[in-house]
Structures are given as C-alpha cells and as structure tokens.
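Student: I have a model open and would like to walk through it with you. Could we take it piece by piece?
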Amino acid sequence: MIIGLIVNGERVTANVSHAGSLLDLLRDDLGLPGSKNACEQGECGSCSVILDGDLVCSCLVMAVDAEGSTVVTVEGIGEADSLHPVQEAMHRAGAVQCGFCTPGFVVAAVDLFAGNPAPSANEIKEALAGNICRCTGYGAIVRALENLSHGVGP
Amino acid sequence: MQVYHPTSVDEALARLGEGVVPLSGGTDVMVEVNSGHLDPDRVVGLRRVGELKEWDGMRIGAGVTWRRIEREGPKALAEAARTVGSPQIRNAGTIGGNLGTASPAGDGHPFLAAVDATIELVSSDAVRTLPWKDFFLGVKKTARRDDELIAAVRLPETLPSRQAFGKIGVRNAMVIAMVNCVVTREDDGVTTVALGSVAPTPMRATRAETMISSVRAPSETDLAEFQRLVAEEVRPITDHRSTEDYRRHGAGVLARRLLERCLG
C-alpha cells in the first residue's frame, strides 16, 4: 500500500508491501542511511528517530503504521556547515569513535535537550540508557553533553 | 498485507478476527517481525485510537504509554514503568501491549497482581472484565479472544498506602527481569507480594503474605521467614537469562528488601 509521511520537513510517499520497519523504509526506500541498523530489537538505539515528537527506535515502528506521521532523522538535524549544538558539543569533546552509534546518540540527545535545556549528569545518563556504544565511548559522550548543559561553549 | 488505521474502538473491533494482529507501540510485535517469526497478513494499528489513551482515575486505557505511567502512575507502577526498556521503548510501549504480549517477565504485571487489578476486554457485543488471574493463562497466552481488544486496566478505588517495585537484572537500563516484584502493605499489616519471571504467569506468594500480614512489627526472624517462604513458593525455571536457583534466591531477597522499604 502507498503511505505518505513527512520526513525532515519533506512530504514523501512510499509503496510498502510487507510488515517491514520504518528503519528499512528510511534507509532502503528514502535514501536516508543516517539511522543505523544493528540489533533490530530496540536494544541498541542506533536507529533512534523522533516520531510525532517522541524519541523511538525506528526498527520497532511498522512502516505502514507511520502513515501520516512526522519523522525527524539525524539527517534533519544540523547541517555540515552549521551543526546542531549537540553535534557541536560532541565534536568538540571528541565524543565520536567509530561513529556507528553516533547518529542514535545525537537524536536521543537532541530529544533530551528539547525537553530539558540543562540536564544533570544523571539525567543525561538516564536519557541515553537506550543507546549503546560498542567502543564504550560513554565518558566523552556524557562530558560533551554536560558541557552543553553547563553552557561551556567554544 | 492489509493494514487498518481505525480511530475508534468500534472501528478497530470491526477489523479484528482470526489471524489479525493488533499493533499498539510495536515494541514486541516488531521484534517478532524483524526476526522473521511473524509476517502478518492483516494488522490493526491502534496508535490513532484516542479512546484507548484515556486515563480516567483508576481506569488506565490500554494505549497509555509507559512514559506517561512513569510520570503519572501510582508509586510502584511508576517505579516499574521507569525500568521498562529505555526512553525509546517507554515512548512507544503501552500497558495494554504489555498485557497482550503476556511475557512472564512483563514489568507491569506484578503491580497489577499485587493490587488485584482487572483487565477490560471489549468485543463488538460485550465488555468482559477479568481478574488478572483469569487473564494470564500461560507463557505469552491470555484469555483475549481474536475478536476482542484489551481496552483498559482497572485498579481498585483505593490502593495500599505503602508499595514498592523492584527488579533484578544484569544492568539498570534495557534489561529483561530475572525476577521482578511488587510488595504492598497497609497500616493494619495486610501485605501482598506479587512476582514476575518466576512462573509461567505473574503470581502471588500467598503463604508469605498470610504469614507477614499477621505481624504488626516484623522482627529479624519474621523477615527471614518471609524471605524463605517467598523463595519456596516461586516456580522459576533455568533459561538463557538466569538459573532456577538464582531466581529462587533472588525472589526471596528482593521481596524482603521491598517489604523493608514498605516498613521503612
């Protein structure tokens, strides 16, 4: 069936024939590979997107169920020459190692700061509890977001 | 594949039937789809049914998310909600979906068992309200018929004054319980103990409840006996997540700690 949704501010349509995930739709049909495919069971957070205002795992959203929804992926956050403050903070703190988990962390952190502009270290950790970094680079990620929370800028 | 997006319970009921998969938050259904264990022909998406998201006093609509329960729920249910998956999972997963899946490890279940909640099932011609004990039939098996929808959870009008939830797992976040438990206690001593992940369905440790309910100010010996009875009553298995022995021991320790928290 044909579904319509708004992705990163653009109205898009796609033909969906099975019960596949929003993640597959984004990556394979809409050419948005920023959301990563890893565990496919909601454990790792690398596919995090914002669906109708809520942070969710796009691997656990049935694509057809996103009909009529508004989706923000990591591609909709910041630009190469004007990073989102979360991206800027992570860049400055060296909070990226292999980079695979980074899009998911960026989306989750953007969602956190949207609701709480000055989160504590514990609030940051709890908000990122659904994102796994296999390089175990958590220290730098949390420091980056603490810097942003405390207004430690460039 | 056919997908329906009803906006009312009546519309949703008209689409239900054998082989139709009701889809709420998707956090369980999509794990099955992604792993190739489920390829549904017909899906009824419930995300747009506003009625299911209504929360009216002690009646919690099946479509209420864990995120909301974490913020607005009664104490021990809110504590349980906070341990469900991750923020991503809690934004999508619902209390009704938790019931529909009926995993022995469901984190919402011990609270419902501890306070004797009932489950409201609707079909196009009737509403059935089942005690939690009659709803859970076995591992991932419930009394819901194919033509029924889980509409709501009903809590009793008054809840125990003291209540606590706890869970044992390998980490704090994103973990499926080896044991989860709710203990409630009234000022007159009446105590309930409900546990998950230690039997095919959620269960109450009734002998431990009876023993401790008659004791106003439990001594060290009473607490030890309570812990022993809980460990004796549970019926855990050994699987990839834990062993029977560890779960049995953990159930006793956890129930005792939660009781102490209630007494605190």
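Student: What covers the buried residues of helix 1 of chain A?
Tutor: Bear in mind that this is a predicted model. The cover over the buried residues of helix 1 of chain A includes strand 2 (10–15) of chain A. Helix 1 spans residues 22–29, and the buried residues in it are A:L22, A:L23, A:D24, A:L25 and A:L26.

Student: And what follows helix 1 of chain A?
Tutor: After helix 1 of chain A comes A:G31, which has a positive phi, near 65°.

Student: Moving on to strand 3 of chain A, which residues are on each side, and are they buried or exposed?
Tutor: Strand 3 (residues 48–51) of chain A is covered on both faces, with A:S48 and A:I50 buried on one side and A:V49 and A:L51 buried on the other.

Student: What are the bridge partners of A:I50?
Tutor: In strand 4 of chain A the partner is A:L55, and in strand 5 of chain A the partner of A:I50 is A:V72. Strand 3 of chain A runs antiparallel to strand 4 of chain A, with four bridges joining them, and it also runs antiparallel to strand 5 (residues 70–72) of chain A, to which two bridges join it.

Student: How many residues lie between the strands in the hairpin of strand 3 and strand 4 of chain A?
Tutor: There are two residues between the strands of that hairpin, and A:D52 takes a positive phi near 50° there.

Student: Back within chain A, at what angle do helix 2 and helix 3 pack?
Tutor: Helix 2 (residues 85–92) of chain A packs against helix 3 (residues 102–115) of chain A at about 125°, with the axes 9 Å apart. Because of that angle, helix 2 of chain A is oblique to helix 3 of chain A. On the helix 2 side the contact is made by A:V86, A:Q87 and A:M90, and on the helix 3 side by A:V106, A:A109, A:V110 and A:F113. By class, the contact between these two helices of chain A has six nonpolar, one polar and no charged residues.

Student: Over to chain B, then: how do helix 9 and helix 10 of chain B cross?
Tutor: The axes of helix 9 of chain B and helix 10 (residues 220–233) of chain B come within 8 Å and cross at roughly 165°, which means that helix 9 of chain B is roughly antiparallel to helix 10 of chain B. In that contact, B:R207, B:A208, B:M211 and B:I212 of helix 9 meet B:D222, B:E225, B:F226, B:L229, B:V230 and B:E233 of helix 10.

Student: Which strands does helix 9 of chain B lie across?
Tutor: Helix 9 (residues 206–213) of chain B lies across strand 13 and strand 14 of chain B, and it runs at about 155° to strand 13 of chain B. Both strands belong to an open, antiparallel sheet of four strands in chain B, in the order 11-12-13-14.

Student: Which are the edge strands?
Tutor: They are strand 11 (162–168) and strand 14 (203–204) of chain B, each of which pairs on one side only.

Technical notes
Residues numbered from 1 in each chain as written. Chains lettered and ligands numbered in written order. Predicted model: local features only at pLDDT ≥ 70, side-chain atom pairs only at ≥ 80, totals over all residues. Pairing = 2+ DSSP bridges. Contact = placed C-beta atoms within 7 Å. Axes fitted to C-alpha atoms, helices over the stretch in contact; angles between N-to-C directions. Parallel < 35°, antiparallel > 145°, perpendicular 65-115°, else oblique. Buried ≥ 20, exposed ≤ 12 C-beta atoms within 10 Å, placed from the backbone. Nonpolar A, V, L, I, M, F, W, Y, C, P; charged D, E, K, R; others polar.
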